[in-house]
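Dear colleague,

I am handing over a structure that you have not worked with before, and below it you will find an account of what came out of it. Please read the two side by side.

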Amino acid sequence: MNTIETCSGRRIVAGPSRRGFLEGIGATAFLLAFHQPVSPGRAGEPSGVSEQFNAFLAIGEDDVVTAIIAQTEGGQGNSTGMTQVIAAELGAAWPKMRYRFTTERRPEYINPMLYEGLVLTAGSSSIPGFYGAMRQAAAATREMLVAAAAKQLGASPDDLSVSESKVTHSPSGRYLTFGQLAAAAAKEQVPAKPRLRTQKELLLIGQPLDRLDVPLKVDGSARFGLDLEAPDMLYAAVRHGPAYGSTVAAIDDAKAKTMPGVRMIMAVPQGVAVVADQYWQAVKALAEVRETYASHPNDHASSKTVEAALRQGLEQPGVPTMGSHGDVAVAMKSAAKVLEAEFSMPFLSHACMEPVSCTASVVGGQVELWLSTKSPSLDAGHAARALGIDPSTIVIHNEYQGGDFGRRSGMEHTTEAVLLAKAAGRPVKVVWTREEDLRVDQHRTAFLGRVRMGLGADGMPVAYEAKIACDGVWQRLFPWFYAKKKPLDLPMFSLVGSTYGIPNEAGTYVNVPLPVRISAFRGNNDTHNGFMLESMIDEAAHTAGIDPLAYRRKLLVKDARSTAVLDRAAAIAGWSKVAAGHHQGAAFWQSDFYRCRLAIIVEVSGTADALKVERLVGVCDSGLVINPLLAERAVEAGMIFGLSNAMSERITLAGGAPEQTNFHTYQVLRMDQTPDVTVEIISVGDEPGSFGEVGTMPMCSAVGNAIFAATGKRIRTTPFGGNGVTFV
Amino acid sequence: MMLTVNGQERVLEGVDPSMPLLWAIRDLLGLKGTKFGCGQALCGACTVHLDGQPVRSCQTFLADVEGSKVTTIEAISGLVAEAVKSAWITNNVPQCGYCQSGQIMSAVALLETNPKPSRDDVNSAMSGNICRCGTYPRIRAAIAEASKHLGR
């Protein structure tokens, strides 16, 4: 057993396999940092002495069990869900559970479902990715508590049971609490293969427990990246150049530098920054700075050039995608009917309610960052590259994120903060305005796709061919990872090879480098690939004269989990039994990565000139449900996010820059257009799946199919608002 | 200049009168519960009560609030506020939570003047507050619950 001391004096007991694990990940030790203080938790630290048993939990002498969460909380509820998993396996009383966040980069915190070497929260994988490791850690701790109790009670471990934060000697009823045992238990041998509780014994799994972060988010005390402060800090306001990648050629700061509070005005990699005593002083002075930018190839980028590039891309051969099978050419020739269509979607912006910010302190060799991040590894990397230092020494403070949706992987704001702090010789907080947040986002790629679906004499699909042109996510966000996987990238997943089992399929991906930054976005590739497939299936059903839900059911009849979600959604929504003037559209989505099957029914009323979304129904099976309340809310929120994408969201480019500057032009869903939503979650099996993004995935197609049902118009470009429909 | 924030008289020395109330609250007074979202009164994240009325503090300037009473999420109290906060908790409304201070301030202001709002009243009063996580159905449910509780 290895024991290491952290700076804060907490003892970390390393598991027996750590060395092997380190070697296994290729020893790049990608941005690993040990010996870091954990950032203070907001959800309650135990008082008094606390023993940290492993990477995932600590037990205090006051009986409080603290789940240590290295995944980040952007609203998805993973901090509550992960705490629940630990409590269930350990046998802790729920009221005694707390959690705290850590930004340590240790191997135990690398999500095995994601990219090598990164401590990263992505892909709706916090719980599925760490379910095994958390249970293992909790089970090992439980056995150490039992071993200590056995000695103190003079009892056989076989007679001891663990529940409600106590180890109880069943024959006599005598017990010791976790707090009483923690110090002794921490000295016990760490069992290499602890016994995991059976499904039935995991009493807290499947319970709709309240979110632990709600009280903090109701009384205003939850701290987000933008709220965190460094001692003696200055503030910076930043403006970025017209195009993505612009660099400053000259700065006229004659007036600005004389303004109150102004400390420093300097160029940053893509723009100019004013550092002042107060943020408002920096904002006002920045308004008086006049800078010019060097010409950049992206200066002439516009929505037209993007469309032209994508259209040209579709004429390129591209690469075949996984899931391709059979002989599409032959099948199309023998098809009774072939449907052809073109689909497109614009760039989208995450538009998190918390604009990006970063506070940095660069003092001597010690660098600290305070920000909302989904990946301390990535942000340490950005800062280290900017400063030319070792990333492992960088300390990061992170609490709650004011939304994520794929946005919080750092880069520009992190780089700006460390460069400014270094130059100022004092900590600097960079706060982007909403305008900058939209201008230099990391957009969901725009895409153009062309599909053909061949139908047999019975109207069922015999061939599906889909070709897409868009930018890559790994290529832009994880170039080192992409270099190894090339040409594999996210857009290739879920293009063809769906659970519908179409006998002949061919997918082709053409990478088109686009002139803005591209990154992850809630639902990623499934949003655009799903839009095509689910719209085409709907069109095929209508062409065949078969009810669209019955058509899907027929294709999915061999998969009971799929037909179950379709049937429940139909029952809840009253499929085909709606009021006069109301119309319904359906969509289905299945993904092995997310372990999901999801059926959505959208009900609308009115005409294309005044269409109202009346109701959303979603039924989701993503395997084992840890917390039905969290799962239901995540799917509901994902559907509403997708509805917003479908109705009104678009980023258009002119002169290299997004034309949308704030919420009046980047229009996201508001309450008045939000329908009632009913979500039902079906729990299946003993392995948890994902909920955070799945609701978003088929949402555009569900809305498009409802629009078709109501108006007879098949719209294949989002957002539907402004592309043939006006929503009320 | 002087203003009363959460019941305490606060003197702000040498401040720029064009500074939005938001930044005075957050950066000069250290009350971080009021959030910056858009800076243009488009999202409602910065909603506070000014002499009892909900205002967007990002577009409310210090020059215009001399001597006023400001209440922020940290100190919002009274029967309506307690009913709203309690309903927010029992309904597990927040997700990321960033917009929720503003949502709660708007909801309290609504129920102070209209204790039994219709669905249209709620939509109309709350549509200036954006929630990117999409907690709108839960906000509607929480307002309905708070309204019901206050009607008892």
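Two strands are taken to pair if DSSP finds at least two bridges between them, and the description of the sheet below rests on that rule. Please also keep in mind that this is a predicted model.

The sheet in chain B

In chain B, five strands form an open sheet, in which the order is S2-S1-S5-S3-S4 and the pairing is mixed. Strand S2 (8-11) and strand S4 (53-56) of chain B stand at the edges, and because each has a single partner strand, one side of each is left without a neighbour in the sheet. From one strand to the next, the twist averages 40 degrees.

Within this sheet, strand S1 (residues 2-5) of chain B pairs with strand S5 (residues 69-71) of chain B in the parallel sense, over two bridges, and Thr4(B) is found opposite Lys69(B) in S5(B). Helix H3 (residues 100-113) of chain B lies across strand S3 (47-50) and S4 of chain B, and runs at about 40 degrees to S3(B).

The contact between the chains

Chain A contributes 49 residues to the contact and chain B contributes 41 residues. On the side of chain A that touches chain B, the elements that give two or more residues are helix H5 (214-218), helix H6 (279-287), helix H17 (628-647) and strand S29 (676-682) of chain A; H17(A) gives the most, with six residues. The residues on that side of chain A divide into 23 nonpolar, twelve polar and 14 charged.

With best wishes

Conventions. Residues are numbered from 1 along each chain as its sequence is written. Chains are lettered from A and ligands numbered from 1 in the order in which they are written. This is a predicted model: local features need pLDDT of at least 70, side-chain atom pairs count only at pLDDT 80 or more; totals for chains, interfaces and linings use all residues. Helices (H or I, at least four residues) and strands (E, at least two) are DSSP runs, numbered from the N terminus. Axes are lines fitted to C-alpha atoms, for helices over the stretch in contact, and angles run from 0 to 180 degrees between N-to-C directions. Two residues are in contact if their C-beta atoms, placed from the backbone, lie within 7 Å. Ala, Val, Leu, Ile, Met, Phe, Trp, Tyr, Cys and Pro count as nonpolar, Asp, Glu, Lys and Arg as charged, and the others, Gly among them, as polar.
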